[in-house]
Amino acid sequence: MEHVPVLLEATMEMLQPAPGRTVIDATFGRGGHSRAFLARGARVVALDVDPEAEKEAGRLGAEVGPEKFRFYRMSFGDLPRLTGAEGPADAILLDLGISSPQVDQAGRGFSFQQSGPLDMRMNPDSGVTAETLVNELGEPELRNLLRQGGEDRDPGKIARAIVRARPLHTTVDLANAVVRVTRAPRPGAKHPATRTFMALRRAVNREGESLTEVLAAIPRALRPGGRMAVLTYHSIEDRAVKNWIREHSEEEKRQPGMAFGHANPERWVRSLGEAVPTESEISANPRARSARLRGAERLAGEGS
Ligand SMILES: C[S@@+](CC[C@H](N)C(=O)[O-])C[C@H]1O[C@@H](n2cnc3c(N)ncnc32)[C@H](O)[C@@H]1O
């Protein structure tokens, strides 16, 4: 399936790409958002860890030229390295999660619909696979991973079922192990292994850590007056972004009752609010269902 960019208009409104502006698309994917930034005259610096994204970026680069578009195959967690080379940007987009083609290729191991190796690495050239985690972690570690990464309702039960079903090699092996202790998948309902798969994917790709790293790097990667937007697909990520914006926004400064010696004294953004997809976007693109966009603007002269 082709990847349809989510909340495209709301993202453009928030980030205001225009001629003379540079946008960092930190999760290039298949370039849906990047193309829209370019169409509005902005210059785009794009990142992604996925080799398929890199191929697509090569095609886009050949179309529009290096003046308008550059791609770096690297994690957005390494944003500080990039800012050294590219300077602060006018806007930054993070569209978290996976792209539709990543899910659809059974060989990448993200899907429980089709059998594939339990891989789940967005960057297949490095890191630990989901197969290693499900077969080698101790039951308590597995339980913690499931609890933190996907909010499985009964992580203990699922961790036990996984340990009992070892060795697991394919996505279907894992889905079956979960189904055995939960319920049979029903058409139209969320697959019972959805949260388990998400927790593993987040652990394999260090998604929580990368999000923390990139948020910490954004102050230096954005020029004063520059804007950031983050698209999330799960409440864990949305909460992290919401709290981060709240902790760093000037509004918070005026609220009474803030603990003295708060860990994050820098108040350098203004919240730009949030957006969710309309029913018609969701029916045209079911992947947009759980999406939420949040944005913030860097205040002039603070936090640098
Ligand atoms: C939801 S897709 C982005 C789709 C894109 N906005 C589009 O319209 O085509 C998320 C992308 O982020 C990439 N990604 C995930 N973690 C990353 C990281 N730490 N650094 C860079 N890219 C990452 C994935 O490989 C995937 O291609």
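Predicted model: local features only at pLDDT ≥ 70, side-chain atom pairs only at ≥ 80, totals over all residues.
**Entry 1**

Strand E3 covers residues 69-73, and E2 pairs with E3 in the parallel sense. I found five bridges between them.

**Entry 2**

Next I looked at strand E1, residues 22-25. E1 also pairs with E2 in the parallel sense, here over four bridges. Val 23 stands opposite Val 44 in E2.

**Entry 3: cover on E2**

Is E2 mostly covered or mostly open? I got six buried residues out of six, so I wrote down "mostly covered". I also sorted the side-chain directions. Arg 43, Val 45 and Leu 47 point one way from the strand. Val 44, Ala 46 and Asp 48 point the other way. Both sets are buried, the charged Arg 43 and Asp 48 included.

**Entry 4: the whole sheet**

I wanted the strand order. The sheet is open, has seven strands and runs E3-E2-E1-E4-E5-E7-E6. Its pairing is mixed. Which strands stand at the edges? They are E3 and strand E6 (269-275). Each has a single partner strand, so one side of each is left without a neighbour in the sheet. I logged an average twist of 15° from one strand to the next.

Then I checked helix H12, residues 235-248. H12 packs on the sheet and touches strand E5 (222-232), E6 and strand E7 (292-298). The direction of H12 makes about 20° with that of E7.

**Entry 5: the ligand shell**

Last, I looked up the ligand. How many residues surround it? I have 23 on the list. The closest are Pro 5, Thr 27, Gly 29, Gly 32 and Asp 50.

Which elements did I find supplying the shell? Helix H2 (32-39) and strand E2 (43-48) each give at least two residues. That brings me back to E2, the strand with six of six residues buried. By class, I noted 12 polar residues in the shell, seven nonpolar and four charged.

Terms used
Residues numbered from 1 in each chain as written. Near = placed C-beta within 6 Å. Buried ≥ 20, exposed ≤ 12 C-beta atoms within 10 Å, placed from the backbone. Pairing = 2+ DSSP bridges. Axes fitted to C-alpha atoms, helices over the stretch in contact; angles between N-to-C directions. Contact = placed C-beta atoms within 7 Å.
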